[in-house]
Amino acid sequence: MSREAGEFRSENVHDDDLLRLAARYGTPCYVYFAELIEARLAALAAAFGPCVGVSYAVKCNPNPGLLGWLAGRVDGLDISSVGEMRLACRAGWSPAAMSFTGPGKRAAEIAEAIEAGVGELVLESVDEALTADRVARALGRRQRVLVRLAPSEVPKGFGDRMAGRPCAFGIDVETMHEEIPAILALGGLEVVGLHIYSGTQCLVPAAICANWRLFMAIFREVAERHDLAPQKLVFGSGLGIPHFDSDVPLDLGDVADGIRHEFAAFAAEPRFRGARLLLETGRYVVGEAGYFVTRVIRTKQSRGTGFAICDGGMNQHLAASGNFGMVVRRNYRMHRVGGGIPDRPVTVVGPLCTPIDRLGVDVLMPPLAPGDLVAVHASGAYGLTASPVGFISHDPAREILVDRDAARDVSRPPGDLAG
Ligand SMILES: *Cc1c(COP(=O)(O)O)cnc(C)c1O
């Protein structure tokens, strides 16, 4: 970024689009660039080859326009509720292409999913298996299931961990050999594979490879001990994206170089020859393809701190406010749309009457004036869907999908944000 006075140009290639779209559709808004998602999917395909597929985790961004766009571009969807299933169906997906995870599935949700023809239920406990078995039998079905396992360790480097300590997700590997036979014995269920998702938001290639190595060892041990020939093995990918200035982006080539041969050898083992290996990921596919654009309503100086008060804040983008699982609050990357010399710290806040509604604290920015736009980067995942949009009753942010030169308003109606 050139910081010499008078010659600063924003390096953000999307600024013209963001200015135009914000003017046309209003702010606050999310803008998703399909070409960036396409590039991510292409990079994954190039890195791991045809023996590894991608399962998209709907919970990171369930926008129906986006889900529709993803049809035919990923192998399947991982849903975490029947609400997500309904959304994906309305977006043109078949339930058969979906797996359904979540530790608290109720019998009615399981029934709705089975009746609709969901591809696999991902079982997180024996108790859930018993419920699913009962439901499947009552419907006269034999339901395909994956068994979700929770490893006893997660390598260092994962921002979020779903195993390696007491957790609600999956069956602990310490007790799996006693529990798996109880699932295999159920006539209403057909165990077609295994699933592990133990950590995410990792930017360290060696840690991701080490984690996948653990998965392969567990898959191998389970398949041998219980004589399984899985059709599907889900690797909760853990692939992370940079959010902060200090983050070094993940080098996917390093990940692939570190694991490619082991994946190939694993897939060639007799037990796994019929297995599809799936990387399950949300944020890595769509996170960096999205910007959150909010407009400065007014500025204020208070006791030496400059504030830019914007039309959308934590109510539209909880994660960027640091209130969604961030241990130490740091600023998401953001910039003033249209450039300018970043020469002063400013605290970027939303319109809510609470001091936690901060998008950026002391961010180095060009001078901001009312009407200016601030774009928060890496906002395509865990943005609107993970935000308390009901709090203080502002309209939800618009959502715009840009595919090549065509922009589409893919906003969900305010009453429809819960599926
Ligand atoms: C949330 C979730 C994912 C996706 O996680 P990302 O961090 O967005 O890649 C994948 N699998 C399961 C089971 C999940 O719950």
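Around the ligand there are 13 residues, and Lys59, Thr200, Glu280, Arg283 and Tyr382 come nearest; a residue counts as near if one of its heavy atoms lies within 4 Å. This is a predicted model, where local features need pLDDT of at least 70, side-chain atom pairs count only at pLDDT 80 or more, and totals for chains, interfaces and linings use all residues. Residues are numbered from 1 along each chain as its sequence is written, and side-chain values use heavy atoms, with hydrogens and water left out.

**Ligand contacts**
- The shell around the ligand has 3 nonpolar, 5 polar and 5 charged residues. Here Ala, Val, Leu, Ile, Met, Phe, Trp, Tyr, Cys and Pro are nonpolar, Asp, Glu, Lys and Arg are charged, and the others, Gly among them, are polar.
- A polar side-chain atom of Lys59 lies 2.6 Å from an oxygen atom of the ligand, and a polar side-chain atom of Arg283 also lies 2.6 Å from a ligand oxygen atom.
- Gly282 takes part through its backbone, with an N or O atom 2.9 Å from an oxygen atom of the ligand.
- Taken alone, the ligand exposes 390 Å², and the protein buries 96% of that (Shrake-Rupley method, 1.4 Å probe).

**The largest pocket**
- The ligand takes up the space of the largest pocket; a molecule sits in a pocket if more than half of its atoms lie within 2 Å of the grid points.
- On a 1 Å grid over the protein atoms alone, a pocket is an open set of points with protein on both sides within 12 Å along at least five of seven lines, a cavity is a set where a 1.4 Å probe fits but cannot get out, and lining residues have an atom within 4 Å of a point.
- This pocket has a volume of about 960 Å³, counted as the space filled by probe spheres set on points joined across faces, edges and corners.
- Of its 43 lining residues, Gly159, Asp160, Thr200, Gln201 and Arg283 are the closest to the centre.
- Two or more lining residues come from each of β7 (158–161), β10 (199–202) and β12 (276–281); strands are DSSP E runs of at least two residues, and helices are H or I runs of at least four, numbered from the N terminus.

**The cavity**
- The count comes to 1 cavity of 30 Å³ or more.
- The largest cavity has a volume of about 70 Å³, and of its 14 lining residues Asn61, Pro62, Leu384, Thr385 and Glu399 are the closest to its centre.

**Backbone details**
- The peptide bond from Thr27 to Pro28 is cis, with omega near -5°, and Pro28 is in the loop between α1 (15–25) and β1 (29–33).

Conventions
Polar contact = N/O pair within 3.5 Å; in protein donor to acceptor, adjacent residues only side chain to side chain.
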